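I opened this entry to note what I looked up in the structure, in the order I looked.

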Amino acid sequence: MIKPMSRLADSFWRAAAYCLHPRVIGLSLLPLIVSAALAFGLGYFFWEAAVAGVRATMESWSLIDGMLKWLDSLGASSFRTVLAPIIVLAMAVPALVVLSLLLVALLMTPSMVDLVAQRRFAGLERKRGAGFVASLSWSLGHTVLCVVLLIASLPFWLIPPLALILPPLIWGWLGYRVFTFDVLAEHASGPERRRLIGEHRMPLLVLGLATGYLGAAPAAIWALGALTIAFAPVLILVSVWLYTLVFAFSSLWFAHYALAALQEMRRADTAADRAPDPVMDALPANYATAPPRIVDDVEEVDDRQDPAPAPAPRIENKPSPL
């Protein structure tokens, strides 16, 4: 577990440095323009209707209407005026978060992954385990599920501790699922992606949780009370830019971690599945007899190979009897 945590820290600093790259800064403008235009368009056409609908719903609930009348008796009648717009803005913030994450995943992540691969993992093979349609389907499916979870958890947001825990957890889970898939879509095959996610599930969940809390941080600019209504157009633009920046950094963080883990996994597989060497593998593990000894002394070799001939019999010189 220590090594994945150290890789998380290394990937964090690398992602922070890549956020200053001109290409990343230029890419961040596209999700900003799209999400800001969509937010202003929806606000222009549906703001008044949404505020009126929320106000009518509150007045139809006897408990809330009684509480508002009690506040009016205390001289806090202005609270009735600002409560409905604040609720509309509070409901719009999660939608902005999900929209920004989805736009970053679709419009920025592929280009940023390519940038990281070119500069750091140039030799990493691209197996193209998923295309654009698969990434879009995966992102949209998990986004819909995230929205359902957010809506289902709204009653628990009234409990102060859960309001600080549940939304970041949901957004972190969405970032973990979406960014991991998109980062590995180009370089990893389907089996490799599933295996890597299974082996690195806990570090990736930690990374996703950090992403969720980073994504919740820009929501603090809406904690200005009634001033949020007066400065809503500017705050929407600032919040969209902050969300885009946060999720762009998160995408780079996932890219550095996941591609490094994929490269290490392939190296381990290559070392485990080494092709046999026909020359070295043909040699016996040990010898039945001692190997021949190489002798440098030429005379010793000659004596061993060609022994000296036996001496000829000696003929004695005796006088002949004849």
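I began with L42, which I found in helix 3. With a relative accessible area of 46%, L42 is partly exposed. I then looked at what surrounds L42 on the surface, and found a nonpolar patch formed by L38, L42, Y44, F45 and F46. Together these residues have about 620 Å² of accessible area.

Next I checked the overall make-up. The model is a predicted one. I counted 13 helices and zero strands in the chain. Of the 322 residues, 37% are buried. The accessible surface comes to about 19300 Å², and carbon and sulfur atoms account for 69% of that.

Then I looked up confidence. The mean pLDDT of the chain is 77, with 75% of the residues at 70 or more. Helix 9 (residues 190–199) has the highest confidence, at a mean of 91, and helix 13 (residues 298–305) the lowest, at 47. Residues 285–290 have pLDDT below 50, and I found zero contacts for this stretch beyond near neighbours in sequence. Over residues 295–304 the pLDDT also stays under 50, but here the model has five contacts beyond four places in sequence.

I moved on to two loop residues. S28 sits in the loop between helix 2 (22–27) and helix 3 (29–60). Is S28 buried or exposed? I noted a relative accessible area of 15% for S28, so this residue counts as buried, the cut-off being under 20%. Leaving out residues up to four places away in sequence, S28 touches M108 and T244.

W157 is in the loop between helix 6 (132–152) and helix 7 (160–163). At 22% relative accessible area, W157 is partly exposed. With the residues up to four places away left out, W157 touches P94, L150, A163, L166 and P167. For W157 and P167, ten residues apart along the chain, I noted a C-alpha separation of 8.5 Å.

Side chains of opposite charge can pair when their charged atoms come close. I counted eleven salt bridges.

R128 and E186 form one of them, at 3.1 Å from N to O. R128 lies in the loop between helix 5 (78–120) and helix 6, and E186 in the loop between helix 8 (166–184) and helix 9, so this pair ties together parts 58 residues apart in sequence. R128 is exposed at 53% relative accessibility, whereas E186 is partly exposed at 25%.

E192 pairs with R266, with the closest N and O atoms 2.9 Å apart. Because E192 lies in helix 9 and R266 in helix 12 (residues 232–272), the pair ties together parts 74 residues apart in sequence. I found both E192 and R266 buried.

D269 and R195 also meet in a salt bridge, at 2.8 Å from N to O. D269 is in helix 12 and R195 in helix 9, so this pair too links parts that are 74 residues apart in sequence. D269 is partly exposed at 24% relative accessibility, and R195 is partly exposed at 35%.

Terms used:
Residues are numbered from 1 along each chain as its sequence is written. This is a predicted model: local features need pLDDT of at least 70, side-chain atom pairs count only at pLDDT 80 or more; totals for chains, interfaces and linings use all residues. Side-chain values use heavy atoms; hydrogens and water are left out. Helices (H or I, at least four residues) and strands (E, at least two) are DSSP runs, numbered from the N terminus. Buried means under 20% relative accessible area, exposed over 50%, partly exposed in between (1.4 Å probe, protein chains only). Accessible areas come from the Shrake-Rupley method with a 1.4 Å probe; for residues, only the protein chains shown count as cover. Contact means heavy atoms within 4.5 Å. pLDDT is the predictor's confidence in each residue, from 0 to 100. Patches are made of residues with over 30% relative accessible area and no salt bridge: like charges are joined within 9 Å, nonpolar side chains (Val, Leu, Ile, Met, Phe, Trp, Tyr) within 5 Å. A salt bridge is a side-chain nitrogen of Lys or Arg within 4 Å of a carboxyl oxygen of Asp or Glu.
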